Amino acid sequence: MPPFEYKVIRSKRIASGATISVHPERGVTVRAPFWLPAFAIKKFVEEKSDWIMKHLSVRSPRPEEKKYEHGEKHLFFGREYPLNIIESDTPGRTRVEINEEILTASVYKGYVGPKRITELKDGMLRWYLETGILVITEKVNYYSEQIGVDYSRIDIKKVSSIWGSCSPDNKLCFNRKLIMAPHEIVNYVVIHEVCHMVHRNHSSHFWGLVAKFDPRYKEHRRWLHRNHLLLSI
Ligand SMILES: [Zn+2]
């Protein structure tokens, strides 16, 4: 699924190509002639994805660039945690830990200036990915069991054009930005991809199954579409 939703309007004209428009309330609309197959529309949208994202971004809130300073807030599954930086005497990688209230990063005191920031940033990213995959795997296990399907593997990747995907051999892939999103939003993406193991399309049967496990899926899909830029990792 691309990180935005879009509506397709078919036209009866033969001699016309597909066009895309982005509207603040109506979102993304694709106008395509009736004879253009669905896969061609999907490909067209994917090709224009950067352009669409740029137009959507103008209206989305933008996060500030992270400075990795003491007390700075960092998102983890929808909750903001202040960053507690402690100096360590041992050279090596930055270690990160979380408790109920606080995110603690211990960075070698010999690292200063840009090196310190890079070390903190890398340490945080490693921690996000290691912890994030555990949480997402738990969610996938839960919903796969509920829905009665088996996946072959789970990956978390840096991708800009999708939130999640499910391959024909049931490999699931999730956008690493989801680690910052609230649980109900991540649950929706997990349910969406797990349901693709049953229905490999976006038919009404597919959405019916999604709705069974996430009755508020439309709201969650809209949230992703509006807030994707807040999730910067
Ligand atoms: Zn899908």
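The centres of domain 1 and domain 3, taken over C-alpha atoms, lie 23 Å apart. This is a predicted model: local features need pLDDT of at least 70, side-chain atom pairs count only at pLDDT 80 or more, and totals for chains, interfaces and linings use all residues. Residues are numbered from 1 along each chain as its sequence is written.

**View 1. The whole chain and its domains.** The protein chain is divided into domain 1 (6–57), domain 2 (73–128) and domain 3 (134–230). These bounds come from an automatic or database domain assignment. Along its principal axes, the C-alpha trace spans about 70 × 40 × 25 Å. The secondary structure comprises six helices and ten strands. Helices (H or I, at least four residues) and strands (E, at least two) are DSSP runs, numbered from the N terminus. Of the 233 residues, 21% are buried.

**View 2. Helix α3 against helix α4.** Two packed helices are described by the angle between their axes and the distance between the axes. Here the axes of α3 (residues 113–147) and α4 (residues 183–195) come within 9 Å and cross at roughly 50°. That makes α3 oblique to α4. Axes are lines fitted to C-alpha atoms, for helices over the stretch in contact, and angles run from 0 to 180 degrees between N-to-C directions. Angles under 35 degrees count as roughly parallel, over 145 as roughly antiparallel, 65 to 115 as roughly perpendicular and the rest as oblique. From α3, Ile136, Lys139, Val140, Tyr143, Ser144 and Ile147 meet Val186, Asn187, Val190, Ile191, Val194 and Cys195 of α4. Contact means C-beta atoms, placed from the backbone, within 7 Å. The residues of this contact divide into nine nonpolar, two polar and one charged. Nonpolar covers Ala, Val, Leu, Ile, Met, Phe, Trp, Tyr, Cys and Pro; charged covers Asp, Glu, Lys and Arg; the others, Gly among them, are polar.

**View 3. Helix α4 against helix α6.** α4 and α6 (residues 217–227) pack at an angle of about 105°, with their axes 9 Å apart. The two are therefore roughly perpendicular to each other. Glu184, Ile185 and Tyr188 of α4 touch Tyr217, His220, Arg221, Trp223 and Leu224 of α6.

**View 4. The loop around Ile162.** Ile162 is found in the loop between β8 (153–157) and β9 (164–166). With 17 C-beta neighbours inside 10 Å, Ile162 counts as partly exposed. The cut-offs are 20 or more other C-beta atoms within 10 Å for buried, 12 or fewer for exposed, and partly exposed in between, with C-beta atoms placed from the backbone. Ile162 and Phe4 are 158 residues apart in sequence and 8.7 Å apart in space, C-alpha to C-alpha.

Terms used: Two residues are in contact if their C-beta atoms, placed from the backbone, lie within 7 Å.
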